[in-house]
Amino acid sequence: MKTYEKILEEFGKILTKESFDSSLLKIENLRSIKNPLLDYDPHIKYLQSLSKEDYEKLLVFVPYILMIQLMGVLSIFQDEESQYKLIYNADDSNVDLALISDGLSAEVATEYGWISQFSKVLADNQRVPPLLAMPNLEA
C-alpha cells in the first residue's frame with residue numbers, strides 16, 4: 001500500500017485540480033460565457049457591467065473564497081466525533097484521511113499546502129495562505 005504521505009498528496013492533487021482549479025477557471029470566465037440560459041441572469045449581467053479593472057479586483061478575492069470553502073468542507077471530516085469520513089480504499093484496506101493528516105482542512109491553504117503546491121491556475125504571486133495574507137487592492 002502507498003505511504004500515508006503519498007495518499008494525502010494524491011488526494012491534494014485531485015482536490016486542487018477537480019475542485020479549486022476547475023472552479024477558479026469557471027468563475028474567471030463567467031463574463032465571457034455564451035450560454036442562452038445565462039443571458040438574463042442578473043449576476044452575469046452585473047459582472048458584464050463591471051469595468052475590466054473592477055472585474056480584475058473582484059477576481060483577486062476568488063482564490064481566497066474557494067480556499068476557505070474547501071477548508072470548511074474538509075473540516076466536516078476531521079472531527080473525530082463526526083459520522084462522516086473521507087476514506088481511501090486500496091488493497092482491501094481503508095484509511096481515514098483525517099487520521100493520517102495533522103489537520104485535513106489546513107492541508108489546503110498553508111504556504112506549502114495543496115493549493116500552493118499543485119494549482120496549475122494560480123499565479124505565483126497568489127500562492128499565499130488566505131488567512132495570513134489578504135490581497136492588496138491599492139492600485
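**Salt bridges and a helix pair**

Trainee: Glu18: buried or exposed?
Mentor: Glu18 is exposed, at a relative accessible area of 52%. Buried means under 20% relative accessible area, exposed over 50%, and partly exposed in between, with a 1.4 Å probe and protein chains only.

Trainee: What are the ground rules here?
Mentor: This is a predicted model, where local features need pLDDT of at least 70 and side-chain atom pairs count only at pLDDT 80 or more, while totals for chains, interfaces and linings use all residues. Residues are numbered from 1 along each chain as its sequence is written, and side-chain values use heavy atoms, with hydrogens and water left out.

Trainee: Which side chain does Glu18 meet in a salt bridge?
Mentor: That of Lys17, at 3.9 Å, N to O. The cut-off is a side-chain nitrogen of Lys or Arg within 4 Å of a carboxyl oxygen of Asp or Glu. Lys17 is exposed too, at 57%.

Trainee: How many salt bridges does that rule give?
Mentor: Six. One of them joins Lys2 and Glu10 at 2.6 Å, N to O. Lys2 is partly exposed at 35%, and Glu10 is partly exposed at 26%.

Trainee: What about Lys13 and Glu9?
Mentor: Their side chains form a salt bridge at 3.4 Å, N to O. They sit four residues apart in helix H1, so about one helical turn separates them. Lys13 is partly exposed at 40%, and Glu9 is partly exposed at 25%.

Trainee: Which residues are linked in a network?
Mentor: Lys6, Glu9 and Lys13, through salt bridges.

Trainee: Switching topic. How do H1 and H4 pack?
Mentor: H1 (residues 4-28) and H4 (residues 62-78) pack at about 140°, with their axes 10 Å apart. That angle makes H1 oblique to H4.

Trainee: What are the conventions?
Mentor: Helices (H or I, at least four residues) and strands (E, at least two) are DSSP runs numbered from the N terminus. Axes are lines fitted to C-alpha atoms, for helices over the stretch in contact, and angles run from 0 to 180 degrees between N-to-C directions. Under 35 degrees is roughly parallel, over 145 roughly antiparallel, 65 to 115 roughly perpendicular, and the rest oblique.

Trainee: Which residues make the contact?
Mentor: With contact meaning heavy atoms within 4.5 Å, H1 supplies Phe11, Leu15, Ser19, Phe20, Ser23, Leu24 and Ile27. H4 supplies Val62, Pro63, Leu66, Met67, Leu70 and Leu74.

Trainee: How many are nonpolar, polar or charged?
Mentor: The contact of H1 with H4 has eleven nonpolar, two polar and no charged residues. Ala, Val, Leu, Ile, Met, Phe, Trp, Tyr, Cys and Pro count as nonpolar, Asp, Glu, Lys and Arg as charged, and the others, Gly among them, as polar.
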